[in-house]
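Subject: Structure for your files

Hello,

Here is the structure I said I would pass on. My notes on it follow below.

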Amino acid sequence: MFYEYKGKKPTIHETSYISDDVVITGDVTIEEEVSIWFKTVIRGDVAPVHIGKKSNVQDLCLLHQSPDMPLIIEDEVTIGHQVTLHSAIIRKKALVGMGSIILDGAEIGEQAFIGAGSLVPPGKKIPPRTLAFGRPAKVIRNLTDEDIKEMNRIKESYVEKGQYYKKLQN
């Protein structure tokens, strides 16, 4: 379901897959080949939400923001099941593991990996190509080439799945 909020409507690229039970409201922009999965809620009723190309937002996620603090997901990002993102920046090719919470002003660096169940507190910056884990999240180690390869495999599988499901909708 898509809702206008105070004159702002979601803008969704025609190549993106949005599950039928997703709710998207207000100032939300979704670029090419994005997939938004079952039971996710994306509310752009406080500040903008931007989701970059080939990103995926998996089942049961919640995306929202605080006043004057947009939520930005750059290109080729993977957001795992049941993640909450609130007024954060997720840089290119990062992965946020299942059940994690990323709060206002936090920034996840390019190709960084947030381990499942982590809490990234307000304003925390996670460096590029690192694994961060815990409550609060702390950098555990640098990522290996194998880690990056696996993150890319996951992202590509969601691009493929999204395009498959999109064909079923048409």
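Helix α1 has 25 residues, which at 1.5 Å a residue should span 36 Å; its end C-alpha atoms are 36 Å apart, so the two values agree. Please keep in mind that this is a predicted model. The buried residues of α1 are Ile148, Met151, Lys155, Ser157, Tyr158, Val159, Gly162 and Lys166. Strands β3, β5, β7, β10, β13 and β16 are among the elements that cover them.

Lys155 is buried, with a relative accessible area of 2%, and it forms a salt bridge with Glu156, the closest N and O atoms being 2.4 Å apart. Glu156 itself is partly exposed, at 34% relative accessibility. Lys161 lies over the face of Tyr158, 4.9 Å from the ring centre.

Aromatic pairs

The whole structure contains 7 aromatic pairs. Trp37 counts as buried because its relative accessibility is 3%, whereas Tyr165, at 32%, counts as partly exposed. Ring pairs also link Tyr17, Trp37, Phe38, Tyr158, Tyr164 and Tyr165 into a cluster.

Salt bridges

The search of the whole structure found 10 salt bridges. One of these joins Asp45 and Arg43, at 3.0 Å from N to O; Arg43 is partly exposed, with a relative accessible area of 33%. Another joins Arg91 and Glu107, at 2.9 Å from N to O. Arg91 lies in the loop between β12 and β13 and Glu107 in strand β15, so the pair ties together parts that are 16 residues apart in sequence. Arg91 has a relative accessible area of 26% and is therefore partly exposed.

Glu31 is found in the loop between β4 and β5. Leaving aside neighbours within four places in sequence, Glu31 is in contact with His13, Ser16, His50, Ile51, Gly52, Lys53 and Asp75.

Regards

Notes
Residues are numbered from 1 along each chain as its sequence is written. This is a predicted model: local features need pLDDT of at least 70, side-chain atom pairs count only at pLDDT 80 or more; totals for chains, interfaces and linings use all residues. Side-chain values use heavy atoms; hydrogens and water are left out. Helices (H or I, at least four residues) and strands (E, at least two) are DSSP runs, numbered from the N terminus. Contact means heavy atoms within 4.5 Å. Rings of Phe, Tyr and Trp (its six-membered ring) pair if their centres lie within 6.5 Å; planes under 30 degrees apart count as stacked, over 60 as edge-to-face and the rest as tilted. Buried means under 20% relative accessible area, exposed over 50%, partly exposed in between (1.4 Å probe, protein chains only). A charge sits over a ring if NZ of Lys or CZ of Arg is within 6 Å of the ring centre and within 35 degrees of the ring normal. The expected span of a helix is 1.5 Å times one less than its number of residues. A salt bridge is a side-chain nitrogen of Lys or Arg within 4 Å of a carboxyl oxygen of Asp or Glu.
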